[in-house]
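User: Please take a close look at one helix of this chain. Which residues does it bury, and what covers them?

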Amino acid sequence: MRYFGLILLFALVTSCSEKQRMEVVKFEALQDIMETNSEKVEVINFWATWCKPCIAEIPYFQKLHETNDEVRVTLVSLDFADEFQKKVMPFVEKNGISADVILLDNIDYNSWIDKVDPSWSGAIPATLVINHKNGKRKFVEKELEEGEIESIVKELTD
């Protein structure tokens with residue numbers, strides 16, 4: 001009986017430590033994700049609930065999140081901050097998204113777009129992949145096809 005309690009405690013601690021991040025943040029929080037050295041490859045996707053191509057590719061990021069422990073997926077919503085609880089959270093719940101979701105509360109896009117990637121026009125969907133271990137990174141400003149995000153991750157880890 002004592003061992004059962006320990007196993008239950010371990011399961012709770014493990015599940016709590018891997019809790020999904022869902023919050024409204026300023027650009028500095030996103031910059032921390034982009035700049036903090038991590039053992040995992042960072043996959044950062046910029047999207048919005050009103051963007052059909054963005055919505056079409058979200059299942060690919062969710063699948064990558066579920067199947068590759070070497071990758072951390074962060075979905076960065078560009079919806080308005082006051083829509084986070086009304087639109088973004090219900091969308092995440094309805095679609096079973098367990099990857100981290102942050103809403104970037106900084107409508108002065110010109111102040112941060114070049115910090116993500118100088119080639120970014122500001123169009124979405126857009127995806128930034130960073131391998132902190134080898135310093136490789138790739139930015140893609142388009143809707144990704146099935147299997148394409150996995151190919152990009154593989155390209156940056158080879």
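Analyst: Helices here are DSSP runs of H or I with at least four residues, strands are runs of E with at least two, and both are numbered from the N terminus. The model is a predicted one. By that count the chain has 6 helices and 6 strands. Their order from the N terminus is α-β-α-β-α-β-α-β-α-β-β-α.

Now the helix itself. Helix 6 spans residues 148-157, and its buried residues include Ile-149, Ile-152, Val-153 and Leu-156. These residues sit on the same side of helix 6, because they cover an arc of only 100° around the axis.

Next, the setting in the whole chain. The chain has 158 residues, and 39% of them count as buried. Take the contacts between residues at least 6 apart in sequence: 67% of these join residues at least 24 apart. The accessible surface of the chain is about 9300 Å². Carbon and sulfur atoms account for 54% of that surface.

For contrast, turn to the surface. Phe-80, Ile-107 and Tyr-109 make up a nonpolar patch there. Together they have about 320 Å² of accessible area. Ile-107 lies in the loop between strand 4 (100-104) and helix 5 (113-116). Its relative accessible area is 62%, so Ile-107 counts as exposed; the cut-off for exposed is over 50%.

Conventions. Residues numbered from 1 in each chain as written. Predicted model: local features only at pLDDT ≥ 70, side-chain atom pairs only at ≥ 80, totals over all residues. Heavy atoms only, no water. Buried < 20%, exposed > 50% of the residue type's maximum accessible area, 1.4 Å probe, protein only. Arc of directions from axis to C-beta. Patch = residues over 30% accessible without salt bridge, like charges linked within 9 Å, V, L, I, M, F, W, Y side chains within 5 Å. Areas by Shrake-Rupley, 256 points an atom, 1.4 Å probe, with all protein chains shown as cover. Salt bridge = Lys/Arg side-chain N within 4 Å of Asp/Glu carboxyl O. Contact = heavy atoms within 4.5 Å.
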